[in-house]
There are 2 protein chains.
Amino acid sequence: MTIRESGEMYLETIYILSQKSSTVRGIDIGAYMLFSKPSVSRAIGLLKKEGLVITDEQGYIKLTDAGEKKAKIIYERHQLISRLLMDLGVDEKTAIEDACRIEHYISEKTFDAIKKHVDKYGAKKS
Amino acid sequence: MTIRESGEMYLETIYILSQKSSTVRGIDIGAYMLFSKPSVSRAIGLLKKEGLVITDEQGYIKLTDAGEKKAKIIYERHQLISRLLMDLGVDEKTAIEDACRIEHYISEKTFDAIKKHVDKYGAKKS
DNA sequence: TATTATAGTTAGTGTCGGCTAACTTGTCAA
DNA sequence: TTGACAAGTTAGCCGACACTAACTATAATA
């Protein structure tokens with residue numbers, strides 16, 4: 001069972017929250033994603049099974065090395081797509097929102113192409 | 001009930017097939033999309049309910065005016081995103097595939113921005 | 001200490017959108 | 001005329017992924 005869009009979103013969220021705070025709880029994830037506690041609970045359970053997430057003794061949620069690696073890739077994609085869209089003239093809010101949905105559906109090849117473009121011309125805005 | 005990703009794909013397919021042949025049947029749609037007959041049957045039923053599709057006396061599937069309008073928009077999006085990706089250096093096959101998945105998730109604003117870009121710089125390839 | 005609030009889980013539901021199996025119907029050829 | 005095939009539909013299933021209601025466990029506070 002490989003990870004899907006929903007799982008990617010959770011991973012990315014955990015990654016983002018981990019950078020703001022050293023402790024991430026299910027409830028924080030739910031608050032960020034606007035999902036209910038049971039939805040988060042189930043999703044985290046699945047990510048644990050896949051070895052992408054663990055919970056420590058206090059119940060805090062952490063990414064495993066594998067999870068962190070994946071999360072970074074997803075996060076990087078999000079950033080890059082946002083930048084591309086902003087380069088094209090899309091306002092930041094819309095760019096971030098659209099990137100969030102698109103990021104799960106682009107191939108490696110397209111991602112590389114966007115990377116090249118943004119490295120060359122882009123990133124008006126960090 | 002508003003149309004979703006799956007419905008958009010069916011509409012676009014009907015649109016494409018309608019341009020190749022004046023008669024479009026469920027079986028043709030299934031062959032194109034690689035979906036089973038019952039899946040197509042159900043989807044077409046839903047599109048009929050939404051007034052986007054009708055079947056004529058012989059059972060052939062046609063877009064209504066509303067359906068054609070929607071289908072055109074979706075098709076145009078697909079074309080534009082493909083061009084954008086090709087402009088970025090993505091090969092045609094990959095560009096078309098990725099565009100197919102992305103097209104359902106971009107906002108009007110982003111679409112407009114892509115349109116401007118492609119009109120200005122793009123379309124190396126029709 | 002007893003109460004209350006917070007966090008997590010369990011159980012069960014609903015929608016979307018695929019699927020197979022099996023039935024119906026119409027056409028065409030033996 | 002009958003038998004077979006092609007196309008469509010019906011019935012029912014499944015996975016993904018949200019939800020609510022309700023239970024549990026723990027921590028904080030009156």
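This is a predicted model: local features need pLDDT of at least 70, side-chain atom pairs count only at pLDDT 80 or more; totals for chains, interfaces and linings use all residues.

1. A salt bridge is taken here as a side-chain nitrogen of Lys or Arg within 4 Å of a carboxyl oxygen of Asp or Glu.

2. Residues are numbered from 1 along each chain as its sequence is written, chains are lettered from A and ligands numbered from 1 in the order in which they are written, and side-chain values use heavy atoms, with hydrogens and water left out.

3. Chain A is divided into domain 1 (5-64) and domain 2 (70-121), the bounds coming from an automatic or database domain assignment. The C-alpha centres of domain 1 of chain A and domain 2 of chain A lie 23 Å apart. In contact terms (heavy atoms within 4.5 Å), nine residues of domain 1 of chain A meet 10 residues of domain 2 of chain A.

4. The area buried between domain 1 of chain A and domain 2 of chain A is about 940 Å², with carbon and sulfur atoms giving 69% of it; buried area is the accessible area (1.4 Å probe) that two parts lose on being put together, summed over both. On the side of domain 1 of chain A, 53% of the area buried against domain 2 of chain A is supplied by A:Glu8, A:Glu12 and A:Tyr15, more than by any other three residues.

5. Between domain 1 of chain A and domain 2 of chain A there are three residue pairs in polar contact (both at pLDDT 80 or more). A polar contact is a pair of N or O atoms within 3.5 Å; within protein, one must be able to donate a hydrogen and the other to accept it, and residues adjacent in sequence count only if both atoms are side-chain atoms. Helix α1 (residues 5-20) of chain A gives the most to the side of domain 1 of chain A that touches domain 2 of chain A, with seven residues; helices (H or I, at least four residues) and strands (E, at least two) are DSSP runs, numbered from the N terminus. That side of domain 1 of chain A divides into six nonpolar, no polar and three charged residues, where Ala, Val, Leu, Ile, Met, Phe, Trp, Tyr, Cys and Pro count as nonpolar, Asp, Glu, Lys and Arg as charged, and the others, Gly among them, as polar.

6. Turning to the two chains, the contact takes 17 residues from chain B and 17 residues from chain A, and about 1500 Å² is buried between chain B and chain A, 66% of it on carbon and sulfur atoms. Within chain B, the residues that lose the most area to chain A are B:Leu88, B:Tyr105 and B:Thr110, together 35% of what that side buries.

7. Which residue of chain A forms a salt bridge with B:Lys109? The partner of B:Lys109 is A:Asp91, with the closest N and O atoms 3.6 Å apart, and across the interface of chain B and chain A the rule finds two salt bridges. Six residue pairs are in polar contact between chain B and chain A (both at pLDDT 80 or more). On the side of chain B that touches chain A, two or more residues come from each of α4 (65-87), α5 (92-102) and α6 (108-121) of chain B, and α6(B) gives the most, with five residues.

8. DNA strand C is surrounded by 15 residues, the closest being A:Arg25, A:Ile27, A:Lys37, A:Ser41 and B:Ser39, where a residue is near a molecule or strand if one of its heavy atoms lies within 4 Å of it. Sugar and phosphate account for 59% of the atoms of DNA strand C that come within 4 Å of the protein.

9. A polar side-chain atom of B:Lys37 lies 2.6 Å from a base nitrogen of DNA strand D, and a backbone N or O atom of B:Gly26 lies 3.2 Å from a phosphate oxygen of DNA strand D. The surface near DNA strand D divides into six nonpolar, five polar and four charged residues.
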